[in-house]
Amino acid sequence: MALSGLDIFKKLPKTNCGDCGIPTCLAFAMKLAAGQAELSQCPHVSPEAAAELSEASAPPMRGVTIGAGDDAIRVGEETVLFRHEKTFVNPCAFAVLVESGASDEAIDGTLAQIEAASFERVQQHLGVGAVAIKSTADASRFRAAVERVRSKTALPLVLMSEDASEMASALEVSAEVKPLICAATESNFEAMLALAKDNSCPMVVRASGLEAVAALTEKAVAAGVKDLLIDSSPTTAGEALRDHVFARRAALNQKFAPLGFPIITFPGDLAAGDDMLEALYASVDVEKYGGVVVLTSADAWKLLPLLVLRQNIYTDPQRPMQVESKIYEFNNPGPDAPFLVTTNFSLTYFIVASEIESSKMPTYLGIVEAEGLSVLTAWAAGKFVPERIAKFVGASGAAEKLGHKEVVIPGMVAQISGELKEELDGWDVVVGPREAADLPAFLKKKAG
């Protein structure tokens with residue numbers, strides 16, 4: 001960060017109003033300097049100071065948006081080398097390759113494969129983020145392939161050609177969806193730069209080695225094109241890992257702006273047709289430090305492990321994964337089905353849900369907002385207590401779903417049953433098993 005906490009403090013209103021959630025302007029300035037607060041938290045900063053401070057407090061890696069509308073992806077804006085230091089911000093995006101020289105039927109098949117590669121895990125949708133169209137034929141075919149892909153998917157596009165005239169033709173039918181231009185090189189730099197600038201599209205800067213990449217990004221930024229991704233053209237997986245780590249360290253630790261951009265990777269090129277090796281190299285790119293990872297196919301066996309790896313890495317270690325607080329229905333429950341409650345910690349939910357499903361017994365499961373904590377931890381922290389559970393039961397619509405007034409609580413918190421009965425006037429409170437594995441037997445016994 002270019003400015004110290006005291007430098008920032010001088011530009012703040014110094015009212016100590018606390019509207020930002022921090023008691024004093026000096027404390028806020030120090031947190032802003034440390035990357036622990038956002039300038040937008042201060043409602044009273046002047047427009048002039050906001051403009052200056054926004055530039056100074058910008059992440060060392062630029063955030064870049066690819067595409068337009070709801071399906072646009074954003075990469076970059078990272079501030080740490082390791083997720084446990086704080087958190088990673090924008091998950092890397094997986095793009096799947098389409099070759100322009102392929103037949104229309106083959107292109108349609110790839111797009112169908114991309115659409116089918118849609119998964120749900122921990123109530124999050126996982127799938128392909130973009131389509132990369134690579135020129136492998138003449139300019140007219142490249143343009144036709146771009147038109148065809150665009151007509152069949154709303155996913156962002158990565159246009160892969162180093163021929164500026166070919167890229168210009170493709171942009172005539174796709175510029176409005178803000179595709180990623182891939183790539184500007186030392187030989188075509190001026191022409192590609194003009195295309196990116198005229199069409200307000202992000203652009204890949206490609207050169208052999210990081211030193212040459214940095215020289216090109218400096219020229220692009222000086223010309224007014226700042227939405228860049230970088231590619232150092234590694235020839236081996238070892239070179240790729242080395243360049244990615246060096247670029248991230250230079251941007252974050254040394255504040256070296258010419259390398260402060262997301263990285264685009266092509267693990268399939270390094271794997272030379274070996275799909276298993278491509279998946280392995282792509283997993284390294286997810287960890288260190290790909291922004292857009294271009295895959296040669298959307299095979300489920302390849303894509304799903306990579307998506308799960310990304311999901312695990314890009315969750316905030318300071319915030320437990322949570323599920324939505326509401327009533328879930330299992331095995332088509334009727335009004336006489338038992339009503340269980342537990343916390344919204346994702347692991348707790350999925351373990352309990354799995355046991356209920358396997359029991360085949362109709363059941364309602366109420367998920368109480370407990371800030372993503374497990375049952376005992378939430379109880380100890382005052383997040384899964386009678387007052388909160390009663391409030392959830394009243395607001396969840398349980399009374400309308402049930403033909404009875406009985407709630408089953410986890411055996412781990414049996415001690416709250418008496419107080420909960422007082423909070424839930426007219427309800428019976430039943431203590432369930434301590435372990436989720438005992439739920440099937442418990443539910444079958446209750447059903448008689």
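What follows is a close look at one helix and the parts around it. The part I have in mind is helix α6 (residues 164-171). How many of the residues of helix α6 are buried, and what covers them?

Analyst: A word on the basis first. This is a predicted model, with residues numbered from 1 along each chain as its sequence is written; local features need pLDDT of at least 70, side-chain atom pairs count only at pLDDT 80 or more, and totals for chains, interfaces and linings use all residues. Side-chain values rest on heavy atoms, with hydrogens and water left out.

Now the helix. Six of the eight residues of α6 are buried (under 20% relative accessible area; exposed is over 50%, partly exposed in between, with a 1.4 Å probe and protein chains only). The helix is therefore largely enclosed by the rest of the structure. The buried residues are A164, E166, M167, S169, A170 and L171. Helices (H or I, at least four residues) and strands (E, at least two) are DSSP runs, numbered from the N terminus.

What covers these buried residues? The cover, counted by contact (heavy atoms within 4.5 Å), includes two helices, α5 (139-152) and α7 (189-199). It also includes two strands, β7 (157-160) and β8 (180-184).

Start with the loop between β7 and α6, where E162 sits. The side chain of E162 meets that of R206 in a salt bridge (a side-chain nitrogen of Lys or Arg within 4 Å of a carboxyl oxygen of Asp or Glu). The N to O distance is 2.8 Å. R206 belongs to strand β9 (residues 203-206), so the pair ties together parts that are 44 residues apart in sequence.

The peptide bond from C182 to A183 is cis, with omega near 20°. A183 lies in β8.

Next comes helix α5, also in the cover. A139 lies in α5. A139 is partly exposed, with a relative accessible area of 34%. The C-alpha atoms of A139 and P335 are 64 Å apart. Along the chain, A139 and P335 are separated by 196 residues.

Helix α5 also holds R148, whose side chain forms a salt bridge with D104 at 3.6 Å, N to O. D104 lies in helix α4, so this pair joins parts 44 residues apart in sequence. Both ends are partly exposed: R148 at 26%, D104 at 27%.

How many salt bridges does the whole structure have? The search finds 17. One of them joins R62 and D227, with the closest N and O atoms 2.9 Å apart. R62 is in the loop between α3 (47-56) and β1 (64-66). D227 is in the loop between α8 (210-222) and β10 (228-231), and the partners are 165 residues apart. R62 is partly exposed at 33%, and D227 at 29%.

A few backbone features lie elsewhere. K288 and Y289 are joined by a cis peptide bond, with omega about -25°. Y289 is in the loop between α11 (275-287) and β12 (290-295). S233 is not a glycine, yet has a positive phi of about 55°. It sits in the loop between β10 and α9 (237-252). S233 counts as partly exposed at 29%. N332, also not a glycine, has a positive phi of about 55°. N332 is in the loop between β13 (327-330) and β14 (339-343). N332 is exposed, with a relative accessible area of 75%.

Last, the setting of α6. The chain has 18 helices and 17 strands. Of its 448 residues, 48% count as buried. Its C-alpha atoms fill a box of roughly 80 × 65 × 40 Å along the principal axes. Among contacts with a separation of 6 or more, 65% are between residues 24 or more positions apart. Within this chain, α6 is a helix largely enclosed by the rest of the structure.
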